[in-house]
Amino acid sequence: MDMMQAKELAKQQIHNRPDTQGRLGGKIAVVTGGAQGFGLGIATAMYREGASVVLADLNAEQACAAAAALGDRAVGMWVDVSDPASVESLMIRCVEIFGGLDILVSNAGVLKAGRLEELTPAQFEFVTKVNYMGYFYCAKYAAEIMKAQYEADNSKWFDIVQINSKSGLEGSKNNFAYAGGKFGGIGLTQSFALELVNWQIKVNAICPGNFYDGPLWSDPERGLFVQYLQAGKVPGAKTVEDVKNYYLSKSPIRRGCTPEDVAKALIYCVEQCYETGQALPVTGGQVMLN
């Protein structure tokens, strides 16, 4: 099946949605980076609220296992979001399996920190291709399906949600490749929102705070808490716990962000019928909008 055929099938199936209950009952969703972390937490919450979900990830084996654990309305698929052909194929396969696409969650992302003098052009390009170009590819091909569905029934609304970062709201020292791509993602979100509203596609971003319980921060050998202790980044810190407490103190709500926090924000974005082009902080007050 090619994109033209997928759009025709989506038109035909627009009124043939799964008969499920919940706040997302009957919705069909794709979550990139869905095999673990925020992506899996979001996919799990969406499934629980009645959505049929594609968990798409570079780690296809892990994505398929996670989908199987959820149930028969979830499938795992391989995707490389930095490759437009791979992303287009993902959207087509979603339509083949479930008959349409109502919600895209562009969550897949990578992080490569480093000072300006040490980060290589290749490393910068890698982060940018996944975090910035990947969002563009996902929105581009998901929107094609959503536009076709709108043409079949102009009473329907659809959603594109980027999982951005607090680093998309303020700069991040020695982390410019990541922050720059995330700042750019908010620019894409606002621009896509203005363009796609004519087809009743809402486009919003969610900007989570740090997921301290995930492996990026808490891995006992390579996690950022350990790295920052060894690098002496936190003045006076003598243990990993000292480093963790330092970062926890940055938020008035003294804990890290969780997948459940992000999932609640995402469901809000879908349910809210009068909001588009927004970047919603979920940072425990660490970053506040002006």
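Colleague: Which elements each supply at least two residues of the lining of the largest cavity?

Modeller: Those are α5 (121–152) and β5 (158–163). Helices (H or I, at least four residues) and strands (E, at least two) are DSSP runs, numbered from the N terminus. A cavity is a set of points on a 1 Å grid over the protein atoms alone where a 1.4 Å probe fits but cannot get out, and lining residues have an atom within 4 Å of a point.

Colleague: What should I know about the model itself?

Modeller: It's predicted: local features need pLDDT of at least 70, side-chain atom pairs count only at pLDDT 80 or more, and totals for chains, interfaces and linings use all residues. Residues are numbered from 1 along each chain as its sequence is written, and side-chain values use heavy atoms, with hydrogens and water left out.

Colleague: Back to the cavity, which element gives the most to the lining?

Modeller: α5, with four residues. The lining includes V130, N131, G134 and Y135, along with I163 and K182. About 30 Å³ of space lies in there.

Colleague: New topic. At what angle do α1 and α4 pack?

Modeller: About 35°, for α1 (residues 3–12) against α4 (residues 84–98), with the axes 9 Å apart. Axes are lines fitted to C-alpha atoms over the stretch in contact, and angles run from 0 to 180 degrees between N-to-C directions.

Colleague: Which residues meet there?

Modeller: M3, A6, L9 and A10 from α1 meet E88, I92, V95 and E96 from α4, where contact means heavy atoms within 4.5 Å.

Terms used. 1 Å grid on protein atoms, 1.4 Å probe; cavity = no way out; pocket = protein on both sides within 12 Å on 5 of 7 lines; lining within 4 Å. Points joined across faces, edges and corners; volume = space filled by probe spheres on them.
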